[in-house]
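This report concerns one protein model, shown below.

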Amino acid sequence: MQSFSSYPLLVAIETDATRYYGASASRPRLLSRADADQLLAHLSADLAALLPRSSLCSLAAPGALFDQTQLLRPAYPIFTCLKSALLESRDVSGPRLLSIGANDGLMPVAELQPETDIPLGLLQVLPIVLSGPAQDVEALGEEMEHCFLERGQLSPQSALWLESAFAIRLNHARFMTLNDLRAMFHLQLEHFGFLPLWQLIDAALEQSDVELTVQPDAGPLFCWRKGA
């Protein structure tokens with residue numbers, strides 16, 4: 001029996017964060033099911049142009065944008081939700097595109113609802129899960145890790161469509177892997193002087209079963225033990 005696996009990736013969108021604040025503030029729009037279908041059609045075409053073998057795999061994505069702080073949660077619940085949706089709808093006839101849209105401003109699954117109490121920053125992320133035969137997914141994962149930062153920019157057509165659909169001002173949009181986002185977060189912590197906390201955060205994100213102690217240059221002693 002053929003084994004299947006999945007791989008997390010995302011579209012990182014640099015926006016104009018000033019639009020999220022002030023008297024005329026507006027958050028990124030949630031997409032209907034029809035618009036979410038069109039969104040995934042754009043993204044799958046761009047991904048196939050970059051990595052032709054991705055057309056042999058299934059993709060799942062929500063019609064919603066998230067702040068990176070909602071994506072980087074212990075055990076990555078958003079990616080887990082998308083992976084579960086693909087598993088539940090698996091069709092033995094071949095690859096498919098599974099988009100999840102909103103109805104009356106609400107996503108059908110709580111994990112895919114953008115949290116409105118998060119102060120949004122200029123980086124918004126659109127999570128995607130790629131799923132398929134384990135051998136193909138493993139090879140594609142290696143290719144994505146090596147090529148996204150250099151050649152992962154979305155096509156102008158897709159970027160314009162995303163800007164209009166989500167009602168945002170889009171400055172830059174590109175594919176990234178979850179590892180790319182984690183590396184970016186690592187650099188942010190280092191820049192602001194919180195690098196020692198990366199071990200603690202990484203253990204929480206990956207739900208490590210290894211106990212560790214972290215001592216920042218200033219501040220309290222932190223321990224990771226038994227999942228807390």
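The sections below cover the basis of the values, the chain as a whole and helix 4.

## Basis of the values

The model is predicted, with local features requiring pLDDT of at least 70 and side-chain atom pairs counting only at pLDDT 80 or more, while totals for chains, interfaces and linings use all residues. Residues are numbered from 1 along each chain as its sequence is written, and side-chain values use heavy atoms, leaving out hydrogens and water.

## The chain as a whole

The protein chain has 7 helices and 8 strands (DSSP runs numbered from the N terminus: H or I of at least four residues for helices, E of at least two for strands). Its radius of gyration is 18 Å, close to the 17 Å given by the globule rule for 228 residues, so the chain is as compact as a globular protein of that length (C-alpha atoms; the rule is 2.2 Å times the number of residues to the power 0.38).

Of the 228 residues, 44% count as buried (under 20% relative accessible area, 1.4 Å probe, protein chains only). Among contacts (heavy atoms within 4.5 Å) with a separation of 6 or more, 77% join residues 24 or more positions apart.

## Helix 4

Helix 4 comprises the 18 residues 134-151; at 1.5 Å a residue it should span 26 Å, and its end C-alpha atoms are 24 Å apart, which agrees (the expected span is 1.5 Å times one less than the number of residues).

The buried residues of helix 4 are V137, L140, G141, M144, C147 and F148. Their cover includes strand 1 (4-15), helix 1 (33-50), strand 5 (123-133), strand 6 (170-177) and helix 6 (178-191).

Definitions and conventions. Buried means under 20% relative accessible area, exposed over 50%, partly exposed in between (1.4 Å probe, protein chains only).
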